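Trainee: I have a structure open and would like to learn how to read its features one by one. Could you walk me through it?

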Amino acid sequence: MSLHSGRAAALLAWVNSTKVCPDPLNDLSQLQDCNVFIRIIHKIHRSKEGESLLEQPLPERISFIRGFLQKHCRHRLAAENLVSAQKLVDGEELALAKVAVLLLYHTSMSCKSPGDWNEFDYKTQVELASILKFVLDNEESLNENLEPFLLRKALPSSSGTSSSSFEERSPPHSLPHKQEVHFLELQRIASFPSTNNMLPSPPSSPMGDIMQTPQFQLRRLKKQLGFERENREELEVELAENRKLIMEKEAQITLMQQRIDRLAKLNEKQAADHLEPKEMEELREKNESLVGRLHEAFRQCQDLKTEKAQMDRKINQLSEENGDLSFKLREIASHMVQLQEALNELSEEHNTALAQSQEKQGQLENDLHAALQDKKSSEEKIEILQGKISLLEDQLAKLEECSSQERGEVMGDILKLEELKQEVSSLTTKGAELQATVLRLEEEKQLQEAALQSERGRFEEEKQQLSSLVTSLQSSLSESHRAQERLEQDLQARDAEGQA
């Protein structure tokens, strides 16, 4: 079974958007050498770790890519089984698509590579958003579900696109009679001390919408917290190594001090035995050399102790920051769950009210159509009757010239004429009533459409305000992340000075 054409094209468009290859790719099979994947990983990390691998054999390149995915995926065992090394060697398009999906997910989760999603057309954004939504919803079962998802055929839809399922899951517009109360509740839930500065909401787009959902934001926060924990563990390992080095230096100092003491005693003994000046000079030189080495060892030990104190302070600072970050993450997660629940409740109420409104509008349209049909039928009857009346009036005019006998013969026509006039009057009255009914129904229909349009506008405005609140939640964590990066830079600079 071939790959889903829409998703394959969207993945290829995303790969081309990274601009890691000079010429745009036209097919997933062009990724078989895995060089593009390595360049994308290199771009994500902003390091030269993968540059040397471009000249290595294909199996080693594949091993590097799978190692990266295992390290950065939530479930490493799942990532190891998800992408087969042999299938990548064989250049199987499904395996290449899996790697592209995982790199897309990791890049979207990385604050270092936000990406400009507006450079993609709407259809491509919808496909990319559906891929991200699928990975979010199926992290526990990617091994079983990713292949059917990538091979699934497009479902038929009236718009002609293969992404209708994602668009149907877009949040509906709210209704005015309950939206104000619920949104005030959302604002109350989402407002806490870390959200002082409200940022403007980005332009609405499928990728922007999926990346602003509480589910995506919470997953990104958890991933960043994991990176912070890994950095802390690395610093703790480095601190343990420095402590071990200090202990070794102190042991060397103790040993050298013992040797100096022994030499001093030996000098005293030799002086007492009246040694020759030459031997005394040699002993003095050795003693001075040992004293110099002792002083150097003391200096190194002092430097290590100072460095240890600095590392302890940085570890304590990092621990405090991680504690604050963990507390913020739990608080943000709790608020996002409440926001999601409130949004779900609001969406359900909106769907119910919208269905009722659409049902009422359909009934109005049916009534309007029936009234128009009755009006048209009455107008046709009136025209026919008016024609008959005109004909009978002409005949009555001729009766003025006829004898009384002839008038008796057409008396029945005169009565029939009176009946027609009464029927015309009745139909005219009914037509006026139908006209009033049509006008009333049209006015109700216009009011209904205006109300729905107003409700959609209000819901969209509140949705943008809610996106601003979620963005503010994200900014608070980004500040902590930048502080952690500054600490990492300080540690790297210290390591560079130490190596120099």
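**Reading the features**

Mentor: Happy to! Let's begin with aromatic rings: the count comes to 2 aromatic pairs here. Please keep in mind that this is a predicted model.

Trainee: How are the rings of Phe-134 and Phe-149 arranged, and what is the pair called?

Mentor: Look at the distance between ring centres and the angle between planes; planes under 30 degrees apart count as stacked. The centres of Phe-134 and Phe-149 are 4.0 Å apart with their planes at 5°, so this pair is stacked. The pair also links distant parts of the chain, with Phe-134 in helix α7 and Phe-149 in helix α8, 15 residues apart. Both Phe-134 and Phe-149 are buried.

Trainee: Now the overall picture. How many helices and strands does the protein chain have?

Mentor: There are 15 helices and 0 strands. Of the 500 residues in the chain, 39% count as buried. The accessible surface is about 29,200 Å², and carbon and sulfur atoms account for 50% of that. For contacts with a separation of 6 or more, 81% involve residues 24 or more positions apart.

Trainee: How do I read a nonpolar core, and which residues of the largest one touch the most other members?

Mentor: The general idea is that in soluble globular proteins, nonpolar side chains tend to be buried together. In this model the largest nonpolar core has 59 residues, and those touching the most other members are Trp-14, Phe-37, Ile-65, Leu-103 and Leu-150. Several helices each supply at least two residues of this core, among them α1 (5-17), α2 (35-45) and α3 (58-72). The largest share, 12 residues, comes from α6. For a close-up, select Phe-37: leaving aside residues up to four places away in sequence, Phe-37 touches Leu-31, Ile-65, Leu-96, Val-99, Ala-100 and Leu-103.

Trainee: Where does Ile-315 sit, and which residues does Ile-315 touch?

Mentor: Ile-315 lies in helix α13, residues 277-399. Buried means under 20% relative accessible area, and at 11% Ile-315 counts as buried. Beyond residues up to four places away in sequence, Ile-315 touches Leu-235, Glu-236 and Leu-239. The C-alpha atoms of Ile-315 and Arg-232 are separated by 7.5 Å, although these residues are 83 apart along the chain.

Trainee: What about the cysteines: how many disulfides does the structure hold?

Mentor: A disulfide is a covalent bond between the sulfur atoms of two cysteines. This structure holds 0 disulfides. Cys-21, at 15% relative accessibility, counts as buried, and Cys-34 counts as buried at 0%.

Definitions and conventions
Residues are numbered from 1 along each chain as its sequence is written. This is a predicted model: local features need pLDDT of at least 70, side-chain atom pairs count only at pLDDT 80 or more; totals for chains, interfaces and linings use all residues. Side-chain values use heavy atoms; hydrogens and water are left out. Helices (H or I, at least four residues) and strands (E, at least two) are DSSP runs, numbered from the N terminus. Buried means under 20% relative accessible area, exposed over 50%, partly exposed in between (1.4 Å probe, protein chains only). Contact means heavy atoms within 4.5 Å. Accessible areas come from the Shrake-Rupley method with a 1.4 Å probe; for residues, only the protein chains shown count as cover. A nonpolar core is a set of buried Ala, Val, Leu, Ile, Met, Phe, Trp, Tyr and Cys residues joined through side-chain atoms within 4.5 Å. A disulfide is a pair of cysteine sulfur atoms within 2.5 Å. Rings of Phe, Tyr and Trp (its six-membered ring) pair if their centres lie within 6.5 Å; planes under 30 degrees apart count as stacked, over 60 as edge-to-face and the rest as tilted.
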